[in-house]
Amino acid sequence: MIFDINTLLADMLSAIKETVNGNWDTVKSTANEFIENDKERLQLLAELRISGDLPDEWFQSRMEDEKIILEAELNALEVLSTAKANQAVNAAFDVLINGIILSL
């Protein structure tokens with residue numbers, strides 16, 4: 001599989017959309033902005049993992065850090081409950097991590 005960060009980011013936003021349900025209209029533009037702001041960092045982490053320059057343990061640790069960052073950003077919206085923000089983040093990062101694994 002060829003790694004395409006733009007497709008994965010769009011899929012991450014779709015996963016967030018499915019999770020937040022009725023709050024999507026309120027969350028959409030801000031969530032998109034957060035994901036776009038994180039794009040370069042996520043792409044670098046993915047490329048390092050795919051190339052083998054970033055060991056799996058470090059990659060998993062960085063993914064957990066990235067989840068915490070995105071969850072804090074979503075919680076700042078004060079529209080989503082903490083549990084809903086956590087679910088959205090987990091769904092989004094499942095998409096990203098699976099996309100990277102398929103590119104290994």
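Predicted model: local features only at pLDDT ≥ 70, side-chain atom pairs only at ≥ 80, totals over all residues.
Reader: Which residues in H1 meet which ones in H2?

Author: From H1, Ile5, Asn6, Leu9, Met12, Leu13, Ile16, Lys17 and Val20 meet H2. Their partners in H2 are Trp24, Ala31, Asn32, Ile35, Glu36, Lys39, Leu42 and Gln43. Here contact means heavy atoms within 4.5 Å. As for the "H" labels, helices are DSSP runs of H or I with at least four residues, strands are runs of E with at least two, and numbering starts at the N terminus.

Reader: Which residues touch the most other members of the largest nonpolar core?

Author: First, the idea: a nonpolar core is a set of buried Ala, Val, Leu, Ile, Met, Phe, Trp, Tyr and Cys residues joined through side-chain atoms within 4.5 Å. Buried means under 20% relative accessible area, exposed means over 50%, and partly exposed is in between (1.4 Å probe, protein chains only). The largest core here has 30 residues, and Ile16, Leu74 and Leu96 touch the most other members. Helices H1 (5–20), H2, H3 and H4 (82–103) each supply at least two residues of this core. Take Leu74: leaving out residues up to four places away in sequence, Leu74 touches Val27, Ala31, Phe34, Leu80, Ala85, Ala88 and Val89.

Reader: How many salt bridges are there in the whole structure?

Author: Side chains of opposite charge can pair when their charged atoms come close. The rule used is a side-chain nitrogen of Lys or Arg within 4 Å of a carboxyl oxygen of Asp or Glu. A search of the whole structure turns up six. In one of them, Glu66 pairs with Arg41, with the closest N and O atoms 2.7 Å apart. Glu66 sits in H3 (residues 56–75) and Arg41 in H2 (residues 24–51), so this pair ties together parts that are 25 residues apart in sequence. Glu66 is buried, at 1% relative accessibility, whereas Arg41 is partly exposed at 31%.

Reader: What about Glu64: which residue forms a salt bridge with Glu64?

Author: That's Lys67, with 3.5 Å between the closest N and O atoms. Both are in H3, three residues apart, so about one helical turn separates Glu64 and Lys67. Glu64 is partly exposed at 40%, while Lys67 counts as buried at 12%. Elsewhere, salt bridges that share partners join Asp38, Arg41, Arg62, Asp65 and Glu66 into one network.

Reader: And Arg49: buried or exposed?

Author: Buried, at 16% relative accessibility. Arg49 belongs to H2 and touches Leu54, Asp56, Phe59, Ile100 and Leu104, not counting residues up to four places away in sequence.

Methods: Residues numbered from 1 in each chain as written. Heavy atoms only, no water.
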